[in-house]
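Subject: Structure for your review

Hello,

I am passing on the structure we discussed. Please look it over alongside the notes that follow it.

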Amino acid sequence: MRALPATVLAVCGLIASACGGTGTGGAAAGQAAPATTAGQAPAAAQAKDAPPEAKPLDGKVVVIDPGHNGGNYRAPKEINRKVNVLTQMKACDTTGTSTNDGYSEAAFTWDVSKRLQKILKKRGATVKLTRTSNDGVGPCITERAAIGNKAGADAAISVHADGSAPANRGFHVIMPKKIKGPVDKVVADSSSLGMAVRDAFRKGTGLPYSTYIGRKALDYRSDLGGLNLSTVPKIFVEAGNMRNATEAAKFRDPKFRQKIAVALANGLQHYLQA
Ligand SMILES: [Zn+2]
């Protein structure tokens, strides 16, 4: 007699989303709680006890690093301070680029990152950003990597846009290389993450592969502190060329920035669910 509800409960535990409705779940709940008045309020009790709806990124931790910071230009001494990125010494951070009419990379990466954070949270992920506003300074690239490591991120992404010659077009993804350092153990996973994001970005934004960097929008580097110092799977995305008029116009459009954020979320999700 008791074997049946136990089995039903076990199955429900495995497939939570299939068990929120009426039917056998109601019978099982009724039998599991004999103290309640039989026949009264089983529906309400079940609704209250029903597990929250499962989301695709439940349990996943993502760290988003919005490149640069809106206040960096005010603090050249702090920003130009040299830090050790294992393969060389580099500036703590940089101001980033901008469109010809003054829309800064820092503002762009901040907006896209906030949009991406919102989408990933809705899908169940725990999301942390490496900075809290776009009017501050830094943090250094070493700290940006450390935040991802400390969070134990399942995936980390640094959001950027490039400042290249005006005729150059397209986006690219940057992944770490082996450097006989701690990043070596996440080079393979970072490569998978990079390809998932490359595919989703192309599909979701319609932007072309970079015409001037990498092969099919994939580039591998050993000079970036944000990658060299990462012990979690991590990539950079260069969303396009802010000095190209066509791409600059797109980046200024909030609707297009939302498209970018959705594309990045889809790429991250493909990787995290693989
Ligand atoms: Zn940048």
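The axes of helix α5 and helix α10 (residues 254-273) come within 8 Å and cross at roughly 50°. Please bear in mind that this is a predicted model. An angle of 65 to 115 degrees would count as roughly perpendicular and one under 35 degrees as roughly parallel, so α5 and α10 are oblique to each other. The crossing of α5 past α10 is right-handed.

On the α5 side, the contact involves Phe 108, Asp 111, Val 112, Arg 115, Leu 116, Ile 119 and Leu 120. They meet Pro 254, Arg 257, Gln 258, Ile 260, Ala 261, Val 262, Leu 264, Ala 265 and Leu 268 of α10. Sorted by class, the residues of this contact are twelve nonpolar, one polar and three charged.

Helix α10 also meets helix α9 (residues 245-252), and here the axes come within 5 Å and cross at roughly 90°. The two helices, α9 and α10, are therefore roughly perpendicular to each other. Lys 250, Phe 251 and Arg 252 of α9 make the contact with Pro 254, Phe 256, Arg 257 and Ile 260 of α10. The contact of α9 with α10 holds four nonpolar and three charged residues, and no polar ones.

Next, the metal site. The zinc ion has three protein donors, His 68 (NE2), Glu 105 (OE) and His 160 (ND1), at 2.0 to 2.1 Å. Along the sequence, the spacing of these donor residues is H-x36-E-x54-H. Glu 105 and His 160 are both buried.

Strand β5 also contains Ala 156. Is Ala 156 buried or exposed? Its relative accessible area is 2%, and the cut-off for buried is under 20%, so Ala 156 counts as buried. Leaving aside residues up to four places away in sequence, Ala 156 touches Val 63, Leu 193, Val 232, Pro 233, Lys 234 and Ile 235. Ala 145 lies eleven residues from Ala 156 in sequence, and the C-alpha to C-alpha distance between them is 8.9 Å.

Regards

Technical notes
Residues are numbered from 1 along each chain as its sequence is written. This is a predicted model: local features need pLDDT of at least 70, side-chain atom pairs count only at pLDDT 80 or more; totals for chains, interfaces and linings use all residues. Side-chain values use heavy atoms; hydrogens and water are left out. Donors are N, O and S atoms within 2.8 Å of the metal (3.2 Å for Na, K and Ca); water is not among the atoms, so sites may look incomplete. Buried means under 20% relative accessible area, exposed over 50%, partly exposed in between (1.4 Å probe, protein chains only). Axes are lines fitted to C-alpha atoms, for helices over the stretch in contact, and angles run from 0 to 180 degrees between N-to-C directions. Helices (H or I, at least four residues) and strands (E, at least two) are DSSP runs, numbered from the N terminus. Angles under 35 degrees count as roughly parallel, over 145 as roughly antiparallel, 65 to 115 as roughly perpendicular and the rest as oblique. A crossing is left-handed if the near helix is turned anticlockwise from the far one by less than a right angle, and right-handed if clockwise. Contact means heavy atoms within 4.5 Å. Ala, Val, Leu, Ile, Met, Phe, Trp, Tyr, Cys and Pro count as nonpolar, Asp, Glu, Lys and Arg as charged, and the others, Gly among them, as polar.
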